[in-house]
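Here are my notes on this model, point by point. Please read them with the structure open.

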Amino acid sequence: MIISELHLKNFRNYTDLSLNFHPNLNIFVGQNAQGKTNVAESIYFLALTRSHRTHADRELIAWDSKEMTVAGTIIKKNTTVPLEILLNTKGRIVKANHLKEKRLADYIGNLNVIMFAPEDLAIIKGAPSVRRRFIDMEIGQIRPVYLYDLMRYHKTLKERNAYLKFDKTKLDANFLDVLDEQLVEYGEKVISHRQGFIDNLTKISTDLHDKLSQGKEKLDIIYACNVKQDFAAELKSARQKDLFRMQTSVGPHRDDLQFLLNNIDVSNFGSQGQQRTTALSVKLAEIDLIFQETGDYPVLLLDDVMSELDNQRQLDLLSLVIGKTQTFITTTTLDHLQNLPDKMAVFEVKSGEILEKNRD
Ligand SMILES: Nc1ncnc2c1ncn2[C@@H]1O[C@H](COP(=O)(O)OP(=O)(O)OP(=O)(O)O)[C@@H](O)[C@H]1O
């Protein structure tokens, strides 16, 4: 799939911007703080209705405005899909094919994106919540029903946690049983989606990592599921502890991922280079995974990452993606970019204005 057009109104430092993209490669070049990442972020936002770098939606609206719009045209399998998101202080309105979608789960998946950004290292080094967010965003793109199950799980979890804080003398054990049943029902679905996703991701990323490390490193991804075997039984035996601590101690909201290189935990013992290559293998694997699951390649956003890769890694990365996925690169200079294809467009970014420099 490709994104052919993008329109931004009051998105960060863009008052009114319209761009036509090249189907192969688009490079955004400019000095620091001009708005390069903002463009990549707007494409990510159009796909997932969330930013990759902030939870605070308000930050996305231009400082002197109360609302913003991101719109774009997606071309996939010879069909054209217009997408639009309007965001203001009351919330967001999302539209696909000019029709409002009530549920985000029905909207997400229209445009699939994979973003490579400096923040990716946090998937390896950061807190478990970063890895859960990564899993959730990625499965959500491929299987919208996952977002639905996840939302119901979190809603029930919130209710259960609130009930655990109630006056213990008035506690109704039967009511807690009902909440537990629901939590187990949705939780088991979440776990099964995650297990399937991680199994597939592991298969592809292990192969890729083998190539990227010239056969020197074997990458394994372990799903550290918080539920060991039987969610219902584990929840039951944790009940007294949960009542005492007033929060739910068992369930997929405590899941994590572990990355092993030659059986050694990369987060704790890997070098910075190994952590970076692991993140690269995992992200690259997602491209093929999305293709396997949806029959279409996602759009690739490489935000500020090329300068961190040596020539060989740049070559590996570009040779794996160019011609296969529509790619967007942001960079402060074209000088260090090696092995660029002939067919591409270059855009110059300066203080919230974008000028197309050349296109082949
Ligand atoms: N809500 C907003 N309203 C207006 N301007 C904003 C808003 N949010 C960020 N900006 C401006 O956007 C610019 C930053 O843009 P961006 O993060 O895209 O930089 P960049 O070109 O990618 O730079 P770098 O190379 O340093 O990553 C800054 O000038 C910042 O002041």
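1. Which residues does UniProt list for "domain: RecF/RecN/SMC N-terminal"? The unreviewed entry gives residues 3-352. UniProt positions follow the numbering used here, feature names are shortened, and annotations may be inferred rather than shown by experiment.

2. Ground rules. Residues are numbered from 1 along each chain as its sequence is written. The model is predicted: local features need pLDDT of at least 70 and side-chain atom pairs pLDDT 80 or more, while totals for chains, interfaces and linings use all residues.

3. Domains. The assignment, automatic or from a database, gives domain 1 (1-112 + 296-360) and domain 2 (119-293). Their C-alpha centres lie 28 Å apart. The contact (C-beta atoms, placed from the backbone, within 7 Å) takes 17 residues from domain 1 and 13 residues from domain 2.

4. Core. The largest nonpolar core has 87 residues. Such a core is a set of buried Ala, Val, Leu, Ile, Met, Phe, Trp, Tyr and Cys residues joined through C-beta atoms within 7 Å; buried means 20 or more other C-beta atoms within 10 Å of the residue's own, with C-beta atoms placed from the backbone. Ile43, Tyr44, Leu111, Val113 and Leu301 touch the most other members. Both domain 1 and domain 2 supply at least three residues each.

5. Leu111. Its contacts include Met1, Ile3 and Val299, not counting residues up to four places away in sequence.

6. Ligand. Of the 17 residues around the ligand, Asn13, Asn32, Lys36, Thr37 and Asn38 come nearest. The shell counts residues whose C-beta atom, placed from the backbone, lies within 6 Å.

Definitions and conventions
A residue is buried if 20 or more other C-beta atoms lie within 10 Å of its own, exposed if 12 or fewer, and partly exposed in between; C-beta atoms are placed from the backbone. Two residues are in contact if their C-beta atoms, placed from the backbone, lie within 7 Å.
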